[in-house]
Structures are given as C-alpha cells and as structure tokens.
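Subject: A structure for you to explore

Hi there,

Here is the structure I promised to hand over. Have a look at it first, and then read on for what turned up in it.

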Amino acid sequence: MASRRRVHWVFWLLGAIAVALALWVIFGQHGRKPTPPKSVPVTVAAAKTQDLAISLTTLGAAQAWTSDQIFSQVSGKLVRVNFSEGANVRAGQVLAEVDPAPYQAALMQAEGALKRDQAILAGAQTDLARYALLNAKDSIARQTYEDELATVKQDEGLVELDQGTVKSARVNLGWTRIVSPISGRAGVRLVDPGNLVSAGGSQSSVPSTAASINASAAPTSANGASTSGAGGSAIVTVNQIQPMAVTFTVPQGEFQRLVDLTFGFRTALPVKATSQESGAPLGDGELRIADNHVDPSTGTVELKARFPNLGDKLWPGQFVNVELTLQTLRNVITVPTTAINRGPSGTFVFVIGANRHVSMLPVKVSWTQGDQSVVSSGLTSGQTVVTDGQMTLKNGSLIRVVRMSEGGS
C-alpha cells in the first residue's frame with residue numbers, strides 16, 4: 001500500500017513539472033525581445049559630377065625626332081675629333097676633321113689651271129677682236145676669222161670647266177671639316193683620330209667594341225638594307241632629343257575614330273608617357289602624325305607623337321606606356337566601376353538610404369574608363385553607393401559603413 005502511494009506521488013510530480021515547462025514555453029517566449037538583424041560591413045562612395053577624359057592606353061617606344069649617322073664625305077686620315085662623347089652638340093658644330101693637305105693641293109692646282117686658261121682666253125679674245133676688224137675690211141680670209149671665233153668659244157668652255165673644278169675642289173676641302181647637321185646629343189665615338197675614313201665608312205685596323213656593336217645594330221631601310229656605310233661604321237651618331245618622338249600603334253577601328261576626332265589629324269590630341277617600371281610621368285606631348293597605311297599583318301596603324309622632352313626624361317630606344325586622350329566628357333555623373341553590378345534585368349547599384357538600408361537601383365552605364373563608370377540615367381550626383389561588400393546584399397539589407405572611398409579609389 002505504501003509503495004503504491006509513492007508511485008502516485010512520482011507521477012503527480014512529473015506531471016507538475018511537465019505543466020510548468022509547457023507554461024514557461026508558452027508564456028516565456030512571448031516576453032523575449034527579438035534579436036536585431038546583423039548589419040553587413042561595406043565600403044561606399046558618393047556619385048559625383050565631373051569631367052572625364054576618355055583615353056586609350058598602349059605600349060610605345062621613344063625615338064630621336066631626328067637621328068643622323070655622321071660619315072665623312074671625303075677620303076683621308078682623321079686628324080682630329082672635336083666633340084665629347086655623350087655631350088650636346090649644335091647644328092654646324094665641327095665634330096671631326098680629315099687631313100686637308102691633299103685637298104688644299106687639289107684646289108691650288110685647279111685655281112692654277114683656271115688662271116692659265118683665263119689668260120689663254122683673254123689672248124684669243126684680243127686676236128678675235130683684231131680679226132673682226134680686218135674681216136670687216138676684207139683684209140683677211142673669212143675662214144681665218146671663223147677659226148679664231150671657234151678658238152675663243154673653246155677657250156671659254158675650258159675656263160668654265162676650270163671654274164667647276166675649282167668649286168669642286170673647294171667643296172671637297174670644306175668637307176674635310178665634318179659638321180653636325182642637327183642639334184642633339186652625340187653618342188659613343190666609333191672612330192679614333194689616325195684612322196682612315198671615307199664616304200663608305202671608317203677604316204680602322206682594330207675596330208672598337210662600340211663600332212662593332214654599332215655596325216651589327218645599324219638601322220635598316222624599308223627593304224632591309226643597312227643604312228651604315230658599306231666599308232665601315234659611322235664616326236658618331238647624333239640624336240635629336242629635344243623634341244623627342246614616341247611611336248605606338250592603334251587598331252584600325254580606333255584609327256578611324258581618331259581621324260574623325262582630329263579632323264584628319266589637323267587637330268592635335270594630348271598624349272602622356274609614363275615609365276613602364278615605376279609609372280612615373282615622363283612628359284606630355286601631342287599627336288599629329290599618322291602613318292599612311294594599315295599594317296596588313298597586324299591590322300594596326302603606327303602613330304607618332306611629339307614630346308618637347310625639356311627634362312630629358314625620354315631617351316631613344318626606351319619603352320614607355322602611352323595614354324592618348326581621345327575626348328573629354330563634360331559634366332557627367334561618375335561612380336567607381338566596382339559599384340556597378342549586373343543582374344538578369346541589367347546593370348544596377350546598391351544605394352544607401354537614410355536608415356542605412358540599401359535598395360537596388362537600376363542604372364544605365366554609357367562608358368567605362370579605367371576605375372570610373374559614367375552613369376547616364378538612374379542615379380543623381382551625391383547619392384551614396386556600395387563599392388565593396390555587395391556580394392551578400394539584397395534589397396533592404398542593413399549595412400555598416402567601414403570605409404568611405406574617394407571616387408576612383
């Protein structure tokens with residue numbers, strides 16, 4: 001009897017506990033406060049109105065605006081070199097001198113022959129005048145007068161021939177002083193005094209390393225023939241580096257656009273050059289020159305920009321990055337390109353409202369330039385958009401701003 005009473009008490013106790021738990025579950029949950037939604041950390045930026053330059057970026061090569069290989073125009077021994085390697089030279093400056101003695105002697109001979117033939121001509125002209133007077137009086141045969149007239153003309157021809165020989169000798173003597181045709185910077189001297197030079201190139205018994213390199217790397221013409229002398233190297237190469245040229249190519253499709261923008265290259269387009277290694281600016285120039293054909297092997301057109309290069313930052317043979325500004329869009333609304341999202345219905349951005357909730361706003365992008373996108377409709381200047389962290393966002397999500405980025409960063 002006692003054991004049955006204890007079992008009843010156990011069942012009553014368990015039932016009371018179950019009822020208490022049920023009441024706590026029912027009434028206790030209604031008293032708890034709901035957990036607030038978690039905010040999503042994002043980076044944002046403000047849409048702004050600005051002028052945006054539309055540019056084309058490509059690889060270019062710097063080259064001397066004018067490059068001249070200096071050869072002797074007469075043969076002889078090089079007796080003097082009047083420039084310092086790597087120094088600036090000016091147009092008309094004497095760079096080197098060939099032994100002038102043979103050419104001075106040739107000039108003296110030509111001048112002597114001229115004087116002799118001028119004296120012979122003067123005597124013949126005197127005889128002709130006398131014969132003309134006698135011929136008028138029929139005192140001599142007509143044939144004698146005509147023979148003397150022919151002699152005078154022959155002597156006049158000899159004098160003109162002598163005058164040409166004198167001029168040629170003077171020209172050759174002048175060419176013994178080798179002058180720079182342009183202002184620029186002299187390269188490494190390729191011929192030392194004492195060597196023989198000629199119009200075909202220098203003749204050195206022991207070619208220098210620089211001369212050998214220069215000969216092997218000599219520029220070639222369009223048909224592949226070397227432009228260095230057939231018999232040796234030039235004395236020196238002078239490169240004009242102020243101004244400098246930067247050449248680069250553009251696809252033929254972009255080239256037609258350039259033709260339209262520049263009215264057939266009558267209007268210059270601004271060009272910037274930057275270092276490939278560091279990105280440092282190397283100068284500003286302008287594009288005015290385009291090649292006269294499309295390269296059929298690449299479908300590109302070569303362009304040539306002119307840079308003042310006042311700081312000598314550009315150097316012949318240097319590879320650079322080229323930024324060609326095609327046009328400038330005025331007063332357009334721009335956002336960082338990372339703010340633009342693409343969905344089934346097109347492009348959109350997440351715009352932040354006053355209560356830190358985002359909404360998906362459809363936009364139309366008319367142009368993308370680097371890290372900037374031009375929004376032609378759907379967005380107004382000053383609205384704040386999400387640029388990073390939008391992968392987990394949806395319409396109405398709560399956000400937390402962790403960084404306010406500038407328009408292009």
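Let's begin on the inside. In the largest nonpolar core there are 24 residues, and Val246, Phe248, Leu258, Leu287, Leu303, Leu314 and Leu324 are the ones that touch the most other members. A nonpolar core here is a set of buried Ala, Val, Leu, Ile, Met, Phe, Trp, Tyr and Cys residues joined through side-chain atoms within 4.5 Å. Buried stands for under 20% relative accessible area, exposed for over 50%, and partly exposed for what lies in between (1.4 Å probe, protein chains only). At least two residues of this core come from each of β2 (48–70), β9 (236–251), α5 (252–261), β10 (269–275), β11 (281–290), β12 (300–307) and β13 (319–336). β9 gives the most, with five residues. Those labels are DSSP runs numbered from the N terminus: helices are H or I with at least four residues, strands are E with at least two.

Before going further, please keep in mind that this is a predicted model, in which local features need pLDDT of at least 70 and side-chain atom pairs count only at pLDDT 80 or more, while totals for chains, interfaces and linings use all residues. Residues are numbered from 1 along each chain as its sequence is written, and side-chain values use heavy atoms, with hydrogens and water left out.

Which residues does leucine 303 contact, leaving aside its neighbours within four places in sequence? They are Val246, Thr247, Phe248, Val250, Phe255, Leu258, Phe265, Leu287, Ile289 and Ala290, where contact means heavy atoms within 4.5 Å. There is also a second, separate core of 18 residues, with Val74, Leu78, Leu95 and Val236 among them.

Now for the strands. Two strands pair if DSSP finds at least two bridges between them. β2 and β13 run antiparallel and are joined by 13 bridges; along this pairing, leucine 59 stands opposite asparagine 321 in β13. β2 also pairs with β9, again in the antiparallel sense, over 10 bridges, and there alanine 64 stands opposite methionine 244 in β9.

Elsewhere, four strands form an open sheet in the order β6-β5-β3-β8, with antiparallel pairing. Its edge strands are β6 (177–179) and β8 (196–197), each of which pairs on one side only. Strand β5 (residues 94–98) is joined to β6 by three bridges, and alanine 96 has isoleucine 178 in β6 as its bridge partner.

Next, find helix α3 (residues 142–174). Its 33 residues reach 49 Å from the first C-alpha to the last, close to the expected 48 Å; that expected span is 1.5 Å times one less than the number of residues. The buried residues of α3 are Tyr145, Glu148, Val152, Asp155, Val159, Asp162, Val166 and Ala169, and they pack against α2 (101–136).

Tyrosine 131 lies in helix α2. Not counting residues up to four places away in sequence, tyrosine 131 touches Ile140, Thr144, Tyr145 and Glu148. Tyrosine 131 and threonine 144 are 13 residues apart in sequence and 7.7 Å apart in space, C-alpha to C-alpha.

Finally, some charged pairs. A search of the whole structure finds 11 salt bridges, each defined by a side-chain nitrogen of Lys or Arg within 4 Å of a carboxyl oxygen of Asp or Glu.

- Glutamate 111 and arginine 170 meet at 3.3 Å, N to O. This pair links distant parts of the chain, helix α2 and helix α3, 59 residues apart. Glutamate 111 is partly exposed at 28% relative accessibility, and arginine 170 is partly exposed at 48%.
- Arginine 130 and aspartate 127 meet at 2.6 Å, N to O. Both lie in helix α2, three residues apart, about one turn of the helix.
- Arginine 185 and aspartate 312 meet at 3.8 Å, N to O. Arginine 185 is in strand β7 (residues 184–186) and aspartate 312 is in the loop between β12 and β13, 127 residues apart.

Enjoy exploring!

Best wishes
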